[in-house]
Amino acid sequence: MSIEFHVEGRAGSARAGRLLTSHGEIDTPVFMPVGTVATVKGVPQDVLEELGVQILLSNTYHLYLRPGVETVRQMGGLHGFMAWPRAILTDSGGFQVFSLNELRKVSEEGVTFRSHLDGSPHFFSPESAMQAQIGLGADIIMAFDECTEYPADRARAKASMELTLRWAERSKKFFEEHKSAVPWNRSQSSVLSSQQTKNPRFARNDKLPVDSTQSLFGIVQGGMDLALRKESAERTIEIGFHGYAIGGLSVGEPRERTREVIEATLEHLPTDKPRYVMGVGTPEEIAEYASLGVDMMDCVLPTRAARHGLLFTSEGKVSIKQARYAQDAGPLDPNCGCRVCQRYSRAYLRHLYASNEVLAQVLNTLHNLSFYLDTMRRVRHSISLGEESGFSPSFRSRPEP
Ligand SMILES: [Zn+2]
């Protein structure tokens with residue numbers, strides 16, 4: 001068993017579903033918080049559980065560099081290392097390497113790049129990216145792809161798409177041959193298994209079916225060219241994956257274009273498999289993309305913005321650093337039930353931020369994550385009720401302060 005996906009309700013193009021993984025169930029559409037280096041910055045794992053996070057994302061590139069895949073693997077994979085019993089998805093490292101710009105060189109074989117930490121040279125291929133992700137042991141892992149830059153002309157977008165397709169085949173081949181090496185696979189009769197059973201965090205491993213493995217998702221590329229997106233989708237489906245991601249977005253294109261590409265690509269993806277848009281978006285956008293039929297999304301926006309004092313609320317965006325909040329006794333968001341809004345005033349949050357206190361980052365992140373998760377819960381509820389028009393978050397109709 002790897003994953004199972006069931007669509008349980010529909011409203012127009014939108015679907016409410018349930019994704020079953022080896023580490024728990026996920027209600028979709030789902031927003032996945034980003035825990036780049038095996039931590040959602042500032043938020044302990046027990047609090048993530050209380051917030052209702054069912055799956056989080058971690059970055060292969062960062063973990064490969066530090067602490068290294070072998071360390072994580074020996075600790076029982078990411079679940080054991082970070083003491084997170086629920087589901088995890090890792091990216092392939094392709095997007096992070098793509099973001100390095102001058103520090104990378106792409107060939108048919110793979111990508112040579114320099115570490116952003118110490119400048120040391122490294123190499124990722126479809127095979128080594130799969131090996132790293134199997135060692136990290138997330139429930140869902142991603143094929144190694146080339147994220148096409150923006151803008152790119154058609155010839156460049158096509159060549160990049162073809163490379164991603166060849167890498168997708170190599171990714172799948174390596175995965176199929178090595179998937180039983182995932183740290184929590186119980187058919188592994190290694191020292192690791194006996195170590196794992198000593199750790200109460202791994203108690204649930206004994207309940208996993210013996211043949212539990214990860215799931216591999218393919219990634220559709222093709223730049224902003226809709227015909228190439230169609231071709232990429234069809235040929236990626238031919239290779240065959242457990243789910244399909246739409247990659248190469250949020251790379252500098254206008255937001256309207258992002259939406260067009262998502263909508264056009266979704267048409268060509270199977271309806272019985274999870275559909276994942278990588279690296280989006282604002283609260284309005286995640287609600288909108290869910291309404292188009294996207295099941296999974298991730299973005300650093302809520303956590304990164306929080307650390308810069310930018311908070312999403314039902315009354316619009318709040319920049320908590322502003323002097324206007326210095327003596328504001330009201331809650332950050334009167335319509336939010338999160339522990340931050342229930343307890344603290346805007347004045348206090350503004351003071352923490354202005355004083356550069358660690359707690360400012362913690363509380364701001366908690367609220368923003370709660371807001372995103374609540375937004376998605378509301379969207380899912382509307383879909384379950386068959387309401388096509390219930391997606392717009394309440395803040396859309398209000399002007400930004
Ligand atoms: Zn709140």
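Predicted model: local features only at pLDDT ≥ 70, side-chain atom pairs only at ≥ 80, totals over all residues.
**H11 against H15.** I started with helix H11 (residues 283-292) and helix H15 (residues 358-384), which pack at about 25° with axes 10 Å apart. That angle makes H11 roughly parallel to H15 (angles under 35 degrees count as roughly parallel). For angles I use lines fitted to C-alpha atoms, for helices over the stretch in contact, and the scale runs from 0 to 180 degrees between N-to-C directions. Helices (H or I, at least four residues) and strands (E, at least two) are DSSP runs, numbered from the N terminus.

Residues are numbered from 1 along each chain as its sequence is written, and side-chain values use heavy atoms, with hydrogens and water left out.

Back to the helix pair: H11 passes H15 in a right-handed crossing (the near helix is turned clockwise from the far one by less than a right angle). From H11 I listed Pro 283, Ile 286, Ala 287 and Ala 290, which meet Phe 371, Tyr 372, Thr 375, Met 376 and Val 379 of H15 (contact means heavy atoms within 4.5 Å). I sorted the residues of this contact into eight nonpolar, one polar and no charged.

**The sheet.** Next I traced an open sheet of eight strands, in the order S4-S14-S13-S12-S11-S10-S6-S5, with parallel pairing (two strands pair if DSSP finds at least two bridges between them). Strand S4 (30-32) and strand S5 (55-58) are the edges, each pairing on one side only. The twist averages 25° from one strand to the next.

I zoomed in on S4, which pairs with strand S14 (residues 296-298) in the parallel sense over three bridges. Phe 31 stands opposite Met 297 in S14.

**Helices over the sheet.** Helix H7 (residues 154-178) lies across strand S10 (140-142) and strand S11 (215-220), running at about 175° to S11. Helix H9 (residues 226-239) lies across S11 and strand S12 (243-246), at about 155° to S11.

**Met 224.** I then looked up Met 224, in the loop between S11 and H9. Is Met 224 buried or exposed? Met 224 counts as buried, at 15% relative accessibility (buried means under 20% relative accessible area, with a 1.4 Å probe and protein chains only). Leaving out residues up to four places away in sequence, Met 224 touches Tyr 150, Gly 248, Leu 249, Val 251, Glu 253, Arg 257 and Val 261. I also checked Thr 148: it is 76 residues from Met 224 in sequence and 9.3 Å away in space, C-alpha to C-alpha.

How values were computed
Parallel < 35°, antiparallel > 145°, perpendicular 65-115°, else oblique. Nonpolar A, V, L, I, M, F, W, Y, C, P; charged D, E, K, R; others polar. Buried < 20%, exposed > 50% of the residue type's maximum accessible area, 1.4 Å probe, protein only.
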